[in-house]
Amino acid sequence: MAKNRFNSLDLNLLKTLLVLSQELNMRKASTRLNVSQPAISQALQKLRHHFDDELFVKVRSGLEPTRFTLDLVQRISPYMDGLAQAVNGIDEFDPRAVNQSVTIIVATIAELSLAGRLYERVKELAPNLRLEFASWGEDALQQIIKGKSCIAIGNENKNYKEVYGQKLLDIEGVLIARKDHSLIGERIDIEQLAQAEIASFVIPGWNDNRVIVADVLAQHNIDVQVKVRSTLIYPIINIVRRSDAITAHSNIFPFADFPDLAPIKMKVDKVYSGGSIYAHYHVKDRENPLVNWLVDLISKELKQQVSDNQCLLS
């Protein structure tokens with residue numbers, strides 16, 4: 001049986017062999033590898049013993065490779081180059097090279113703002129990346145732990161140590177009504193919201209049993225009528241467009257996509273805080289280049305939506 005030279009070979013010795021074959025000089029090889037000349041000599045002795053060949057002979061100009069060395073270097077060079085590229089490129093991420101599906105769970109607050117914008121950017125930058133969107137449910141973070149979802153976009157959640165939460169941005173609460181609603185136009189006093197009809201969307205695990213804007217207004221002794229609640233955003237939007245009901249959203253709402261809706265402007269600076277938006281993903285993916293790239297892209301798109309709304313909301 002032929003001797004298995006590979007299993008007992010230190011791959012660092014092959015690196016030394018390649019550099020020596022290129023430099024044909026012990027001093028230059030030691031400088032390039034950042035080791036001493038005796039270390040190069042010792043490595044060469046190990047290589048000679050391992051391959052049972054002289055490998056290099058001394059000549060007036062330095063070293064000259066044997067026929068065995070020339071053949072070996074020709075054979076292993078492509079593999080060593082590929083190994084170097086793989087190791088050196090481990091931190092280099094090229095989105096155009098990605099060819100896979102990614103599931104992203106999105107809470108109701110971010111659905112309208114994110115899906116279309118993210119799709120357009122991914123199509124441009126990573127054309128072979130396939131997006132699968134899912135609605136935020138009570139088990140959203142468990143889906144990440146089970147590996148069924150890659151990222152979940154929603155409110156902060158500290159219940160699972162296996163899930164890392166990265167804050168993307170703070171948002172401000174905004175009340176929304178149809179454009180010809182009596183509350184649209186001039187800035188209004190907060191008291192004018194008394195008895196307003198509220199259509200509220202629900203984010204499971206966050207506001208299941210409360211309507212935040214109603215709670216906030218109650219602190220100002222203002223009662224409102226909560227007429228409808230839904231975990232789906234489109235029914236709420238449709239109701240607001242067709243009735244006197246108003247809804248509470250935030251400054252990431254894509255007003256440009258709904259020209260028949262408008263923000264209710266208040267004389268007070270802020271009726272309520274919209275909280276913060278977080279990207280959640282498994283702790284093992286904190287250094288995952290695809291996850292980091294997607295989270296950065298999501299953050300940029302949400303912040304751009306805030307910027308797009310700035311003139312309308314000021």
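Colleague: In which sense do strand S5 and S11 pair, and over how many bridges?

Modeller: This is a predicted model, and the reading applies to it as such. Strand S5, residues 151–154, pairs with S11 in the antiparallel sense, and three bridges join them. Within S11, His-280 is the residue that stands opposite Ala-152.

Colleague: How many bridges does strand S6 form with S11?

Modeller: Strand S6, residues 163–178, pairs with S11 over nine bridges, in the antiparallel sense. Here Leu-169 stands opposite Ile-277 of S11.

Colleague: How are the side chains of a regular strand arranged?

Modeller: In general, they alternate between the two faces of the sheet.

Colleague: How many of the residues of strand S11 are buried?

Modeller: The idea is to compare the relative accessible area of a residue with a cut-off: under 20% it counts as buried. In S11, which spans residues 273–282, eight of the 10 residues are buried, so the strand is largely enclosed by the rest of the structure.

Colleague: Let us turn to a single residue. Where is Asn-251 found, and is it buried or exposed?

Modeller: Asn-251 lies in the loop between strand S9 (247–250) and strand S10 (261–263). With a relative accessible area of 9%, Asn-251 is buried.

Colleague: Which residues is Asn-251 in contact with, leaving aside its neighbours within four places in sequence?

Modeller: The contacts of Asn-251, with those neighbours set aside, are Ile-171, Glu-172, Val-174, Gln-305, Val-306, Asn-309 and Leu-313. As for Ala-218, 33 residues apart from Asn-251 along the chain, the two C-alpha atoms are separated by 22 Å.

Colleague: Now the helices. At what angle do helix H1 and helix H3 pack?

Modeller: One asks which range the angle falls in; 65 to 115 degrees counts as roughly perpendicular. Helix H1 (residues 11–23) packs against helix H3 (residues 37–51) at about 105°, and their axes are 10 Å apart. H1 is therefore roughly perpendicular to H3. Leu-13, Leu-14, Thr-16, Leu-17 and Leu-20 of H1 make this contact with Ile-40, Ala-43, Leu-44, Lys-46, Leu-47 and Phe-51 of H3. By class, nine residues in the contact are nonpolar, one is polar and one is charged.

Colleague: How far apart are the axes of helix H2 and H3?

Modeller: The axes of helix H2 (residues 26–33) and H3 are 8 Å apart, and the packing angle is about 105°. These two helices are therefore roughly perpendicular to each other. On the H2 side the contact is made by Met-26, Arg-27, Ala-29, Ser-30 and Leu-33, and on the H3 side by Gln-37, Ile-40, Ser-41 and Leu-44. This contact of H2 with H3 has five nonpolar, three polar and one charged residues.

Conventions:
Residues are numbered from 1 along each chain as its sequence is written. This is a predicted model: local features need pLDDT of at least 70, side-chain atom pairs count only at pLDDT 80 or more; totals for chains, interfaces and linings use all residues. Side-chain values use heavy atoms; hydrogens and water are left out. Axes are lines fitted to C-alpha atoms, for helices over the stretch in contact, and angles run from 0 to 180 degrees between N-to-C directions. Helices (H or I, at least four residues) and strands (E, at least two) are DSSP runs, numbered from the N terminus. Angles under 35 degrees count as roughly parallel, over 145 as roughly antiparallel, 65 to 115 as roughly perpendicular and the rest as oblique. Contact means heavy atoms within 4.5 Å. Ala, Val, Leu, Ile, Met, Phe, Trp, Tyr, Cys and Pro count as nonpolar, Asp, Glu, Lys and Arg as charged, and the others, Gly among them, as polar. Buried means under 20% relative accessible area, exposed over 50%, partly exposed in between (1.4 Å probe, protein chains only). Two strands pair if DSSP finds at least two bridges between them.
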